[in-house]
Amino acid sequence: MPRFNLNWLYMLIAVMLLGLYLTNEGGGTSKNVSYDEFQQYVRNGYVNKVVAYDDNSVEAYIKAQHVKDVFQQDSNKVGRNPVITTDAPARESLETFLQTERQEEHFDGSVNYPKKSNYWNAILWNILPFVFLIGIWIFFMRRMSSGGGGAGGVFNVGKSKAQLFEKDGAVKVTFKDVAGLAEAKQEVEEIVEFLKEPQKYTDLGGKIPKGALLVGPPGTGKTLLAKAVAGEANVPFFSLSGSDFVEMFVGVGASRVRDLFRQAKEKSPCIIFIDEIDAVGRARGKAPAMGGNDERENTLNQLLTEMDGFGSNSGIIILAATNRVDVLDKALLRAGRFDRQIHVDLPDLNERKEVFGVHLRPIKIDDTVDIDLLARQTPGFSGADIANVCNEAALIAARHGKKFVGKQDFLDAVDRIIGGLEKRTKITTESERRTIAQHEAGHAGLSWLLEHANPLIKVTIVPRGRALGAAWYLPEERQITTKEQMLDEMCATLGGRAAEELFAGRISTGAMNDLERVTKQAYGMIAYLGMSDRLPNLCYYSNEEYAFSKPYSEKTAELIDEEVKRMVNEQYDRAKRILSEHKEQHAQLTQLLIEKEVIFAEDVERIFGKRPWASRSEEIMAAKEKKENPVVPIENLPQVEDSSLPQEKLDEEKDNE
């Protein structure tokens, strides 16, 4: 037997209504006639009742014994109330005609003069409420009968909202589309290999890891890696966000976690990817709950149980991504749940070249584009930032009507993203322009003269965004930073305010951003990095999310403030001293800025002379071009003193070297 379907019932009801309409058992046949025919029927005595409406339309009901004379049909075929309709010239003439026929005894029926009824209103008030109720009933019945996990509605509120990607699905991203991130790719590629060839690892006694957590700053490619896993792994892939678990209903999050793992067990082996897991995985007990039942904690408890509880979830690997690993619960990070933490950091110089290579594929570029230069010009950029640079460069080239994207378009795109939109129409007085030029020349001069300051690229006094002027630097990509390097950077940052005081004789509000950066840097050096002579080797940093007290006393706070003032004032005096020694060069640089508005490192080198220190990035590039490590002569190696080896052994080791 075929299965019962509600659509059958709807079709049966529709057929019954249609049959009732066609048979018209309760009504009568209607016939439209002329006014003359109507008068003739009245004179013949066929009419039993007349209804005249205010729009001059007339309905006349025929007597049963005269139905055949009017309709040429038997009374059982025309219904109980057959009626003829016509239009009268006017109500007064109709009334006069009926009065005359009544006096002549041709008409003895009743006459009514009602207002014309609005059938649409009748339908709206009498039929539509039933249609609306039937529609709601059908909607809820379909919601109840649908069993899909992704369906919404009240009856499926506890279902998982994970998006399922089956084998050979719509995800076309592969590991070839992920540039850089060599170590992270190796980790996730191994997870894919676990699923493809588990025998290779289980033969040696190994177990498939239960979970891997992708950790890194925003825009570094964590979600892109997960997409690549979905495209490479030949297994079902569930994708959802951490916020999909929690809603306004109590118990929904835990129910969705259970439903997700139930579906995953049915599709095993498979991969579950939870993006932004910090939305549900925050440490328990720290957030002050408003009520006695914290929905987020219940969801996390259920997730912990499903990942590593008494139940068996073999063949299910969980990938998760977050940029706030410090707020996650420790039970979530332990081995057995997330066995691996894969750090996805900002790309370095070589990785940025690879990322540019990926994003430049669909863009029409000319021969002037140098990927090495672009990689050096974008330190600290994430993969998403580099994609934005390439797209912005293409838009700039299209705006100028070019057929290809050139080097200058990419440089303009970097300036646009870092500094903001160029505003050449902003009105500035000559005095303001000179003050801005002196300020930016102070930055440029000090960054050129200080050994550890960031190398200069270009300086401009054209307003960008909220800044009236800007200086572009090429920060060195250091793994560690010394105190001397940080002090030189602080001194160069204070060069703008120092130049204003020295050469303009007054200070302005233009140094607010510089002072903010310097103050934060000084507090970090003293309170966190222990770089103070009076507070050495102490760190007062606390990563607790809800810390309501400082980890030091009021006396120590006063000492920190004094040390910050001393450090900033020392670097400010140092900046003024260096600028005073190079007063003429600063004046030339200021005048050049006023005339050209934009100057480059070559102009600064022509005024101040060649910079005697090579930057670390230049050293790295030079070493890469040589493709060899610097060789240290053996006589320059440190001599071994007080060694326990005999002298003959030392001589032999030296000869071998």
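A: Asp415 has a relative accessible area of 7% and counts as buried. (Buried is under 20%, exposed over 50%, partly exposed in between; 1.4 Å probe, protein chains only.) The model is predicted: local features need pLDDT of at least 70, side-chain atom pairs pLDDT 80 or more, while totals for chains, interfaces and linings use all residues. Residues are numbered from 1 along each chain as written, and side-chain values use heavy atoms, without hydrogens or water.

What does Asp415 form a salt bridge with? The partner is Lys458, with the closest N and O atoms 2.4 Å apart. (A salt bridge needs a Lys or Arg side-chain nitrogen within 4 Å of an Asp or Glu carboxyl oxygen.) This pair links distant parts of the chain. Asp415 sits in helix H17, residues 407–419. Lys458 sits in strand S12, residues 456–460. They are 43 residues apart. (Helices, H or I of at least four residues, and strands, E of at least two, are DSSP runs numbered from the N terminus.) Lys458 is buried too, at 13% relative accessible area.

Glu101 is buried, at 4%. Arg43 is partly exposed, at 34%.

Lys63 and Asp108 form another salt bridge, with N and O atoms 3.5 Å apart at the closest. Lys63 is in the loop between S3 and helix H3 (67–71), and Asp108 is in the loop between H5 and S5, so the bridge ties together parts 45 residues apart in sequence. Lys63 counts as buried at 18% relative accessibility. Asp108 is exposed, at 59%.

Five strands make an open sheet, in the order S1-S4-S3-S2-S5, with mixed pairing. (Two strands pair if DSSP finds at least two bridges between them.) Its edge strands are S1 (30–32) and S5 (110–112), each pairing on one side only. On average, neighbouring strands are turned by 20° against each other, direction ignored. S3 (residues 57–62) and S4 (residues 83–87) run antiparallel and are joined by five bridges. In that pairing, Tyr61 stands opposite Val83 of S4.

Two helices lie against this sheet. H2 (residues 35–43) lies across S1, S2 (47–52), S3 and S4, at about 130° to S4. H5 (residues 91–103) touches S2, S3 and S5, and its direction makes about 160° with that of S2. (Contact is heavy atoms within 4.5 Å; axes are fitted to C-alpha atoms, for helices over the stretch in contact, with angles of 0 to 180 degrees between N-to-C directions.)

Now move to strand S9, residues 270–275. Six of its six residues are buried, so S9 is largely enclosed by the rest of the structure. Cys270, Ile272 and Ile274 point one way; Ile271, Phe273 and Asp275 point the other. S8 (residues 237–241) runs parallel to S9, with five bridges between them. Phe238 has Ile272 as its bridge partner in S9. S9 also pairs in the parallel sense with S10 (residues 316–322), over six bridges. There, Ile274 has Ala320 as its partner.

Next, the nonpolar packing. The largest nonpolar core has 28 residues, of which Leu446, Leu450, Met490, Met525, Ile560, Met567 and Val568 touch the most other members. (A core is a set of buried Ala, Val, Leu, Ile, Met, Phe, Trp, Tyr and Cys residues joined through side-chain atoms within 4.5 Å.) H19 (483–493), H20 (495–504), H21 (512–528) and H22 (554–581) each supply at least two residues. H22 gives the largest share, nine residues. Another core, of 25 residues, lies apart from it and includes Val192, Leu195, Leu214 and Ala321.

Lys207 is exposed, at 75% relative accessible area. Lys207 lies in the loop between helix H9 (199–202) and strand S7 (211–215). Its C-alpha atom is 8.9 Å from that of Phe194, 13 residues apart along the chain.
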